[in-house]
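Okay, thanks for coming, everyone.

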Amino acid sequence: METIQVNTSQHVAIDYPVAGLGERVAARLIDLGAFIVVAILLMVLTALTGSAQSKILVISIWSIYGACFVFYDLISEIFMNGQSIGKKLLKIKVISLNGGQASLGQYFIRWLFRLVDFTLTAQVGGLICVAITENKQRIGDIVAGTTLIKTVARTGFNHIAFHPVEEEYTPVFAYADQLTDRDAELIHEVISTFYRTNNADLIYAMSARISTHLAIKVPVGMNELEFLKTVIKDYRHITSKTD
């Protein structure tokens, strides 16, 4: 499975799977399906409206519909953080190749090149490009420096596997409650990624950042993986006492 590295806000690089051709096509079909449904409703409305006074209103409505259809991808990706309705349902999103959120200019370029990808090339140019490029990019993505990734569902803290089990448990790191739920989720994400990829650099990087954040050192005899697991366990234990 092709992946791309995405840097988190804590500057820890995590590999995310790149969205494939099937997901792109399915997301596009969902978006087009939504527009078809709206178009049918508008046609019914037009058929029911026959008076001369309403013709201007009908023309205006169809003009707005046309503008929404043309600019839909650009507007939705800008205001929905790289997603359209279809992309959101398929859990994929547009990102910059440097791992960050795409800029307005990148969204505009990839929207502008939809004409090249899906019109001038009879709908197939962009699909072929996605199928053969390393990062699954259509022509607009290549020019804009973007691609689509699968948005791996964030692990809720209640699903983290490192819950303390002993009521009498004594935390090792008393200041673990300085973390946030998001910090704990990210630690779990890093550990899960390590088990999938065996990339120990992630563990070392996250351990260094957490120890700096909490102003503590990894104890002698405890490796970085155990340190992160213990920090999560301590955090859960301490915060559960204050809930």
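So, Asp 141: buried or exposed? Asp 141 has 0% relative accessibility, so it counts as buried, where buried means under 20% relative accessible area, exposed over 50%, and partly exposed in between, with a 1.4 Å probe and protein chains only. Before I go on, this is a predicted model: local features need pLDDT of at least 70, side-chain atom pairs count only at pLDDT 80 or more, and totals for chains, interfaces and linings use all residues. Residues are numbered from 1 along each chain as its sequence is written, and side-chain values use heavy atoms, with hydrogens and water left out.

Back to Asp 141. What does Asp 141 form a salt bridge with? The partner is Arg 110, and their closest N and O atoms are 2.9 Å apart. By salt bridge I mean a side-chain nitrogen of Lys or Arg within 4 Å of a carboxyl oxygen of Asp or Glu. This pair links distant parts of the chain, with Asp 141 in helix 7 (residues 139-144) and Arg 110 in helix 4, 31 residues apart. The helices I'm naming are DSSP runs, H or I with at least four residues, numbered from the N terminus; strands would be E, at least two.

Arg 110 is buried as well, with a relative accessible area of 2%. Arg 110 also forms a salt bridge with Glu 77, at 2.7 Å between the closest N and O atoms. That one ties helix 2, where Glu 77 sits, to helix 4 (residues 104-112), where Arg 110 sits, across 33 residues. Glu 77 is at 2% relative accessibility, so that's another buried one.

Zoom out a bit, and you get a network of salt bridges linking Arg 24, Glu 77, Lys 87, Arg 110 and Asp 141. The structure holds seven salt bridges. Another one of them joins the side chains of Asp 73 and Arg 28, 3.0 Å from N to O. Here, Asp 73 is in helix 2 (residues 55-79) and Arg 28 is in helix 1 (residues 21-48), 45 residues apart. Asp 73 is buried at 5% relative accessible area, while Arg 28, at 27%, counts as partly exposed.

Now, helix 2 and helix 4. How do their axes cross? They come within 10 Å and cross at roughly 155 degrees. That makes the two helices roughly antiparallel. The axes are lines fitted to C-alpha atoms, for helices over the stretch in contact, and angles run from 0 to 180 degrees between N-to-C directions. Under 35 degrees counts as roughly parallel, over 145 as roughly antiparallel, 65 to 115 as roughly perpendicular, and the rest as oblique. Contact, by the way, means heavy atoms within 4.5 Å. On the helix 2 side the contacts include Asp 73 and Glu 77, and on the helix 4 side they include Arg 110 and Trp 111.

Next pair: helix 8 (residues 181-197) and helix 9 (residues 200-214), whose axes come within 8 Å and cross at roughly 160 degrees. Those two are roughly antiparallel too. Among the residues making the contact are Leu 186, Ile 187 and Val 190 of helix 8, and Ile 203, Met 206 and Ile 210 of helix 9.

A search of the whole structure finds zero disulfides, meaning pairs of cysteine sulfur atoms within 2.5 Å. Cys 68 is partly exposed at 40% relative accessibility, and Cys 129 is buried at 11%.
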